[in-house]
Amino acid sequence: SWKFTAPVQGLYSVKALVRYADGLDWTAGSYVAALLYKNVGYFSMQDTLIQATVTPAQAPSASLVDTVQLNAGDYIYLRTSHGESSARALVPDDAFVRITIERIK
């Protein structure tokens, strides 16, 4: 698993995108979500509600933008979830699954 550990105390900007792979239908009323965790606990989430059934060629994505105060040694990591009953894969391409972390203060 991956995590970012803050080298110094500060306020960090976090921007993330997760996109699921094409190939399966997605049900109207379902969701996809990007979840940010700080140390061992949940910090924030942004989700996307699927408004209409999505065909296999149009897999959904979720993005997350947030700021988080970290002390030196604190860590954050990203998870994703969805509301479908079967397993789903992410696109194996860093253009569609990525996270950017920048110390802003």
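E84 lies in the loop between β6 (75-82) and β7; strands here are DSSP runs of E with at least two residues, helices are DSSP runs of H or I with at least four residues, and both are numbered from the N terminus. The model is predicted, so that local features need pLDDT of at least 70 and side-chain atom pairs count only at pLDDT 80 or more, whereas totals for chains, interfaces and linings use all residues. Residues are numbered from 1 along each chain as its sequence is written, and side-chain values use heavy atoms, with hydrogens and water left out.

**Surroundings of E84**

- E84 counts as buried because its relative accessible area is 13%, buried being under 20%, exposed over 50% and partly exposed in between (1.4 Å probe, protein chains only).
- R88 and E84 form a salt bridge, with 3.6 Å between the closest N and O atoms; the term requires a side-chain nitrogen of Lys or Arg within 4 Å of a carboxyl oxygen of Asp or Glu.
- The structure holds one salt bridge, and both R88 and E84 are buried.
- The side chains of E84 and S30 make a polar contact at 3.1 Å. Such a contact is a pair of N or O atoms within 3.5 Å; within protein, one must be able to donate a hydrogen and the other to accept it, and residues adjacent in sequence count only if both atoms are side-chain atoms.
- With neighbours within four places in sequence left aside, E84 is in contact with D25, W26, T27 and S30, contact meaning heavy atoms within 4.5 Å.

**Overall architecture**

- The protein chain has zero helices and seven strands, and its C-alpha trace spans about 45 × 25 × 20 Å along the principal axes.
- Of the 105 residues of the protein chain, 32% count as buried.
- Among contacts between residues at least 6 apart in sequence, 78% join residues at least 24 apart.

**Strand pairing**

- An open sheet of three strands runs in the order β5-β2-β7 with antiparallel pairing, where two strands pair if DSSP finds at least two bridges between them.
- The edge strands of this sheet are β5 (61-70) and β7 (98-103), each of which pairs on one side only.
- From one strand to the next, the twist averages 10°; axes are lines fitted to C-alpha atoms, and angles run from 0 to 180 degrees between N-to-C directions.
- β2 (residues 10-19) and β5 pair in the antiparallel sense over ten bridges, and the bridge partner of A16 in β5 is L64.
- β3 and β6 are antiparallel and pair over seven bridges; A34 stands opposite T80 in β6.
- β1 (residues 4-5) pairs with β6 in the antiparallel sense over two bridges, and F4 has I76 as its bridge partner in β6.

**Nonpolar core**

- The largest nonpolar core has 17 residues, and those with the most contacts inside it are V14, W26, L64, V68, L70 and I76.
- β2, β3 and β5 are the elements that give two or more residues to this core. A nonpolar core is a set of buried Ala, Val, Leu, Ile, Met, Phe, Trp, Tyr and Cys residues joined through side-chain atoms within 4.5 Å.
- L70 touches F4, A6, V8, Q9, G10, Y12, K38 and I76, not counting residues up to four places away in sequence.

**The β3-β4 loop**

- N39 is found in the loop between β3 (31-38) and β4 (41-49).
- Phi of N39 is near 55°, a positive value in a residue other than glycine.
- N39 counts as partly exposed because its relative accessibility is 21%.
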